[in-house]
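Here is a short briefing to read alongside the model.

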Amino acid sequence: MSTGSCPVDHSASAATGCPVSANAAAFDPFGDAYQADPPEAVRWSREEEPVFYSPEIGYWVVTRYDDVKAVFRDNILFSPSIALEKITPVSEEATATLAKYGYAMNRTLVNEDEPEHMPRRRALMEPFTPEQLAHHEPMVRKLTREYVDRFVDAGKADLVDEMLWEVPLTVALHFLGVPEEDMETLRKYSIAHTVNTWGRPSPEEQVAVAEAVGRFWQFAGTVVEKLRRDPSGPGWMPFSIRAQREQPEVITDSYLHSIMMAGIVAAHETTANAAANAIKLLLENRTVWEEICADPALIPNAVEECLRHSGSVAAWRRLVTADTTIGGVPIPQGAKLLIVNSSANRDQRHFDNADAVDIRRENASDHLTFGYGSHQCMGKNLARMELQIFLEELTTRLPHLELVPDQEFTYLPNTSFRGPDHLWVQWDPSANPERGDPAILRRHRPVRIGEPSTRAITRTVTVESVEPAADGVVTLTLTDAAGNPLPPWSPGAHVDLDLDGLSRQYSLCGDPADTHRYRIAVLREPDSRGGSRYVHERLRPGSALTLRGPRNHFRLDPAARHYVLVAGGIGITPVIAMADHLRAAGASYELHYCGRTTRGMALLDRARRDHGGNLTVHCGEEGGRLDVTTLVAEDADGVQVYACGPQRLLAALEEQAAGWPADTLHIEHFTTTKRELDPSVEHGFDVELADSGLTVHVAPDQTVLAALRAANIDISSDCEEGLCGSCEAPVLDGEVDHRDVVLTKAERAANTLMMTCCSRACGSKLTLGL
Ligand code: HEM
Ligand code: FES
């Protein structure tokens with residue numbers, strides 16, 4: 001069936017014929033390939049023809065990350081008004097059936113244009129904020145427990161039918177504040193809706209679906225009326241009814257009726273499907289499943305990776321409101337877009353090794369499964385909470401769960417919502433851990449509300465060797481406990497180790513080409529609070545440690561003409577890795593290594609052996625102190641200095657650097673200059689978010705990061721002390737009071753980036769590209 005005619009003017013391109021490629025002509029989002037694996041089915045497009053016209057559905061299809069995000073970002077040029085339009089035209093009979101029920105579902109947030117949408121989104125947002133969502137955690141956990149209780153001893157279950165379909169629906173009804181007695185009826189009606197909007201039902205099916213949808217609509221209206229009589233209770237609907245009293249022109253009666261029904265649909269199938277996809281994916285990748293069974297702290301990021309890799313919203317829609325180009329392809333006004341966010345999520349240009357399931361992926365939450373910008377899913381943090389709790393309960397109570405082999409997975413044919421109809425799993429109930437240790441049922445971690453923190457991304461490493469490296473210094477060699485390759489790193493990178501309850505940073509000083517080993521050197525600090533003492537006294541070959549990273553905010557700028565490397569004491573560790581790299585690259589460099597005694601200078605033999613001609617040793621005991629005034633000549637353009645060492649040395653270099661060209665000096669900071677916020681000194685200011693259409697107020701005692709999170713804006717963070725650069729945000733307007741140690745002087749002056757965990761506004765407003 002072809003619903004669209006070719007939009008290209010053939011008279012102009014008669015010589016070459018129709019430019020719709022063979023692949024584009026064959027594209028069928030209802031075909032088996034797309035239904036089985038949407039991102040795989042459009043891999044050809046991601047690679048060769050990222051924006052194409054599909055005659056089959058009459059839509060332009062967009063498949064690359066940057067293009068899909070750009071479309072989501074601009075909700076004026078790319079209107080969301082067709083997001084809920086029936087993709088298969090409705091038969092007259094079905095239309096009449098819907099009319100019989102007074103079906104009038106029209107605009108509800110997700111398909112609304114400006115200027116109507118944003119005032120409503122703002123007015124209805126509060127119940128979705130992390131603070132409010134926290135109240136729902138006990139309810140979600142209790143429901144999940146009850147459903148698992150029902151099958152935990154059975155040895156076999158269809159997780160979709162026995163848990164994943166019903167729990168998100170019941171959670172949605174609680175979230176909406178639907179009275180208990182009406183929940184059952186609403187649950188019955190909900191299913192019909194997906195087929196109605198995104199599927200391709202036959203004419204007879206259309207009438208049956210329309211009957212169910214009509215009844216759903218009518219009943220939703222009855223429930224709204226009931227709540228209206230007493231809107232004092234908890235939940236999104238009572239909240240919206242109260243909001244209507246304040247702003248009747250923004251939230252109308254018919255609007256309340258629509259969001260009642262749309263809210264259930266938005267919250268239910270998306271989450272049920274996402275959960276089924278996630279569990280299927282993790283069980284298909286057994287070692288990953290086992291890792292999260294062993295370390296539940298990995299669950300929040302695993303959820304994000306599952307949403308990226310196998311999300312439940314495969315594609316979304318937008319209408320083009322003016323002639324434009326997407327990815328260089330001219331697109332006419334009035335064109336309809338199918339933006340395949342599941343394909344964007346597998347775009348190699350944005351995600352390294354995009355087809356792999358990597359639960360430690362640092363940018364997993366860049367996925368577009370929740371959309372992006374001013375219409376981004378409002379319920380994303382409720383969905384994340386549900387998925388985390390499902391995974392935590394199942395990995396704790398049924399770690400030995402496995403997929404029933406050879407089952408065939410089927411999907412409800414539709415363009416957008418995606419999840420298996422059934423998910424059969426099996427296990428040996430006699431091996432259920434709770435039979436031996438009922439206490440596991442009382443253990444659980446608090447849910448992480450919001451985007452996962454990269455701080456929680458850990459791996460277990462084993463100490464392979466501990467060797468003396470100098471007086472008071474040992475080198476440790478670490479390998480992945482499961483024997484997997486360790487993540488790649490570049491010179492200057494460090495890792496965080498958990499040592500007896502303390503987190504400590506150590507620079508990597510081994511060979512980046514050795515993908516199975518990390519090497520660090522640890523000085524026993526005389527006034528150690530435990531970290532270095534623990535390393536020296538307790539670690540032995542075979543000891544297990546928790547590691548985070550590697551991370552690098554001390555990177556070599558490849559463009560320098562000449563590199564001056566300065567190491568003081570144990571500061572040699574990142575610096576020697578840099579020197580090795582520069583030597584291998586044939587770059588021009590010199591290495592200055594300062595220490596009090598040569599006996600205390602770790603890696604000195606290696607430095608002499610590998611960097612002899614480029615090395616100057618400045619040994620205090622031998623009267624060889626470094627003179628920082630002679631390091632860089634006055635006309636030293638293109639010279640870069642990289643230094644790591646004691647505070648005294650770094651302070652002397654910083655003083656000297658005042659006379660050097662901007663950004664000559666790079667320092668590895670392991671300590672922050674961040675100070676506590678003193679509300680009597682700080683001022684409040686507004687942050688306007690260009691992509692999300694929101695203005696967020698930052699109070700004098702609040703960080704920008706905290707204010708963004710409270711407004712449901714995803715932003716990652718790690719150190720939260722201005723050290724690591726992970727909370728960076730693009731600045732479009734307004735002057736920033738920079739308080740981090742990540743940005744260079746030139747970057748600060750450019751005023752295009754800020755670290756939201758510590759930096760603030762100089763004036764009363766900043767505009768950020770979020
Ligand atoms: C919008 C996905 C769960 C409520 C959206 C959009 C997507 C989406 C793709 C459109 C975004 C855009 O146009 O940029 C998902 C997924 C979910 C999920 C994958 C589960 C894994 C939920 C839940 C709720 C919810 C649990 C409610 C409790 C909404 C609302 C909007 C929305 C109200 C409209 C926001 C607006 O247009 O301003 N969702 N959703 N969603 N979602 Fe979700
Ligand atoms: Fe590390 Fe802000 S979170 S710099």
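Welcome to a predicted model. In it, α16 gives the most to the shell around ligand 1, with 5 residues. Helix α20 also contributes to that shell, and 15 of its 18 residues are buried.

**Around ligand 1**
- The shell holds 28 residues, and the closest to ligand 1 are Thr 270, Gly 371, His 375, Cys 377 and Gly 379.
- Three elements each supply two or more residues to this shell: α11 (166-176), α16 (253-284) and α20.

**Helix α20**
- This helix runs over residues 380-397, which makes 18 residues.
- From first C-alpha to last, α20 reaches 26 Å, close to the 26 Å expected at 1.5 Å a residue.
- Because 15 of the 18 residues are buried, α20 is largely enclosed by the rest of the structure.

**Ala 579 and its surroundings**
- You will find Ala 579 in helix α23, which spans residues 572-585.
- With 27 other C-beta atoms within 10 Å, Ala 579 is buried, as the cut-off for that is 20 or more.
- Setting aside neighbours within four places in sequence, the contacts of Ala 579 are Leu 565, Tyr 589, Leu 591 and His 611.
- Val 741 sits 162 residues from Ala 579 along the chain, and the C-alpha atoms of the two are separated by 23 Å.

Methods:
Residues are numbered from 1 along each chain as its sequence is written. Chains are lettered from A and ligands numbered from 1 in the order in which they are written. This is a predicted model: local features need pLDDT of at least 70, side-chain atom pairs count only at pLDDT 80 or more; totals for chains, interfaces and linings use all residues. Helices (H or I, at least four residues) and strands (E, at least two) are DSSP runs, numbered from the N terminus. The expected span of a helix is 1.5 Å times one less than its number of residues. A residue is buried if 20 or more other C-beta atoms lie within 10 Å of its own, exposed if 12 or fewer, and partly exposed in between; C-beta atoms are placed from the backbone. Two residues are in contact if their C-beta atoms, placed from the backbone, lie within 7 Å. A residue is near a molecule or strand if its C-beta atom, placed from the backbone, lies within 6 Å of it.
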